[in-house]
Amino acid sequence: MEIDMIKPPTTLTRRSVFRAGAGLAVAATATPLLTPASAQSEGARQAGAEPLNGDGFYRFKIGDFQATVISDGYGQIPIRPILVMNASEAELAPVLKANFMQPVIQATNNILAVDTGRERILVDSGFGERLGPSYGSFPGLEANLRRAGIAPETIDLVVMSHGHLDHIGGLVKKSGALAFPKAQFVFVDTEWNYWTGSRYESEVNSSPMPDQFKKGTIGAARDNLPPVANRTRFVKQGGEIASGVNYIAAPGHSPSHAAILFTSGKEQFMHMGDIAHNPVTSLQHPDWTPVFDYDPAQAIKSRKAILDRVATDQVMVMGYHFPFPAIGHVVRYNTAYHWEAAQWAW
């Protein structure tokens with residue numbers, strides 16, 4: 001079956017997309033963006049015994065590195081206008097039909113833990129206790145880390161892809177204690193400067209994000225970054241984080257958003273961060289932009305550059321919001337890309 005993939009690029013600016021998306025975002029507030037799982041399924045989960053594997057984590061190897069995908073949870077989110085704000089219903093509908101997708105999908109947060117043999121690294125931290133319960137069946141990170149045999153106090157480095165609420169929300173507990181008490185935290189220097197500076201609040205408030213996300217984004221930066229400031233190390237965009245671990249510049253989704261590349265021996269693995277939010281909308285139509293992109297035109301450039309790189313080099317990748325366990329390959333298809341999920345088993 002032939003799938004309509006992508007139309008010629010359209011020049012977008014942050015202002016034009018924000019203006020065009022403002023009405024869409026207002027309409028979206030009438031629909032819950034991330035809603036809790038049904039009481040029935042929640043009750044069934046609590047009633048059953050916890051299995052040793054297959055519940056919230058998945059292990060795999062990156063060369064000699066031991067990697068584990070840890071689920072932070074899931075919630076319902078409308079594709080339009082949240083994941084796609086610059087395409088019409090008429091453009092979106094045949095794509096959803098061709099890919100057996102509903103207009104509202106289950107979005108996930110997937111956290112990556114990597115043991116390099118020298119240090120245990122966590123990439124991003126999920127929604128956290130303060131924010132998670134408002135956004136669906138979150139947070140699940142701590143419980144799933146412990147279930148996988150990874151105690152939070154054994155994390156050496158917490159590496160941040162960027163400063164949005166669903167990535168930094170889990171740095172600090174509701175009590176005010178650090179969620180990873182012995183860890184050092186790593187940010188791209190300019191990303192940290194933005195989210196601890198004077199501009200972000202007014203710019204978030206003027207963005208097309210729904211109000212609940214505006215409030216959460218501002219609150220996450222205000223509440224979660226100052227407590228880790230004196231334990232944070234700042235790395236230049238594209239710089240080395242640790243041996244075999246590097247930032248890859250991918251700005252646009254946030255001012256200095258970055259992917260993270262792991263290299264062990266001859267194997268590479270890229271945590272794409274939020275360069276792509278969904279395997280269909282982001283890969284088949286890389287010109288489609290989500291409501292969260294800070295600079296949509298730059299985000300599109302970064303998305304295409306990263307997708308081209310990993311497809312060309314055949315690098316296995318992880319999509320933070322892709323269906324669990326969110327690992328696989330980006331494959332060229334017609335004028336865009338296709339997601340080939342990794343073959344995995346419990």
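Buried denotes a relative accessible area under 20%, exposed over 50% and partly exposed in between (1.4 Å probe, protein chains only). The model is predicted; local features require pLDDT of at least 70 and side-chain atom pairs pLDDT 80 or more, whereas totals for chains, interfaces and linings use all residues. Residues are numbered from 1 along each chain as its sequence is written, and side-chain values use heavy atoms, with hydrogens and water left out.

View 1. Asp-293 lies in the loop between β11 (267–271) and α11 (296–313); helices (H or I, at least four residues) and strands (E, at least two) are DSSP runs numbered from the N terminus. With a relative accessible area of 2%, Asp-293 is buried. Its side chain makes a polar contact of 2.8 Å with that of Thr-289; such a contact is a pair of N or O atoms within 3.5 Å, where within protein one must be able to donate a hydrogen and the other to accept it, and residues adjacent in sequence count only if both atoms are side-chain atoms.

View 2. Strand β3 (residues 104–115) pairs with strand β4 (residues 120–123) in the antiparallel sense over four bridges, pairing being assigned if DSSP finds at least two bridges between two strands. Ala-113 stands opposite Leu-122 in β4. Four residues lie between the strands of the β3 and β4 hairpin, where Gly-117 takes a positive phi near 95°. The pairing of β4 with strand β5 (residues 157–159) is parallel, over three bridges, and places Val-123 opposite Val-159 in β5.

**View 3. The largest nonpolar core.** A nonpolar core is a set of buried Ala, Val, Leu, Ile, Met, Phe, Trp, Tyr and Cys residues joined through side-chain atoms within 4.5 Å. The largest has 57 residues, and Leu-122 and Phe-180 are among those that touch the most other members. Beyond its neighbours within four places in sequence, Phe-180 is in contact (heavy atoms within 4.5 Å) with residues including Leu-122, Val-158, Phe-185 and Arg-231. A second, separate core of 47 residues includes Val-159 and Leu-112.

**View 4. The ring pair of Phe-322 and Trp-339.** Rings of Phe, Tyr and Trp (its six-membered ring) pair if their centres lie within 6.5 Å; planes under 30 degrees apart count as stacked, over 60 as edge-to-face and the rest as tilted. This rule gives eleven aromatic pairs. The centres of Phe-322 and Trp-339 are 4.8 Å apart and their planes stand at 90°, so this pair is edge-to-face. Both Phe-322 and Trp-339 are buried.
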